[in-house]
Amino acid sequence: GAKRQRGPRTESIPRPLRRRKASVAERPLAAARGAAAPRDPLRELQAVVINLERRPDRMDACAARLQARCQGLRFERFVATDGKAERISTEEVATSWHTARNVVYQRQRAVRKGWDDLDTY
């Protein structure tokens, strides 16, 4: 057949989290057992949303996105310290950090997703 021409490569947009559908082979087995619907793994998690007190619009928008894309995910608001409204002492500020752990998690994600870029980490 003819090959389809693809346009220029665009930035990928993350898809919302989706629930795993039971395979055709699993459906009769689950029905025969009288099993309940599969548990939503997002219900077992709790997220923290960091938000400035002076930006309730951002909190509202974030809550709407979480509700639309991650139904069942519980979250709570953590009020961020506003550097424009109050002075933050140097004792509370990190002046250095180490990002080596980021690479560990990125490699695990690359393996899980089947990406062929492990040599770049």
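**Secondary structure and strand pairing in the predicted model**

The protein has three helices and two strands, and the model from which these elements were assigned is a predicted one. Along the sequence, the elements follow one another in the pattern α-β-α-β-α. Of the 121 residues in the protein, 12% are buried.

The two strands are β1, which comprises residues 46-52, and β2, which comprises residues 74-80; they run parallel and are joined by seven bridges. Within this pairing, V49 stands opposite R77 in β2.

A nonpolar patch on the surface is formed by V48, I50 and F78, which together have about 330 Å² of accessible area. Of these residues, I50 lies in strand β1; its relative accessible area is 61%, and I50 is therefore classed as exposed, the cut-off for that class being over 50%.

Helix α3 spans residues 100-113 and thus contains 14 residues, with a distance of 20 Å from its first C-alpha to its last, a value close to the 20 Å expected at 1.5 Å a residue. The residue that follows α3 is G114, for which phi is positive, near 75°.

Methods
Residues numbered from 1 in each chain as written. Predicted model: local features only at pLDDT ≥ 70, side-chain atom pairs only at ≥ 80, totals over all residues. Heavy atoms only, no water. Pairing = 2+ DSSP bridges. Helix = DSSP H or I, 4+ residues; strand = E, 2+ residues; numbered from the N terminus. Expected span 1.5 Å × (residues − 1). Patch = residues over 30% accessible without salt bridge, like charges linked within 9 Å, V, L, I, M, F, W, Y side chains within 5 Å. Areas by Shrake-Rupley, 256 points an atom, 1.4 Å probe, with all protein chains shown as cover. Salt bridge = Lys/Arg side-chain N within 4 Å of Asp/Glu carboxyl O. Buried < 20%, exposed > 50% of the residue type's maximum accessible area, 1.4 Å probe, protein only.
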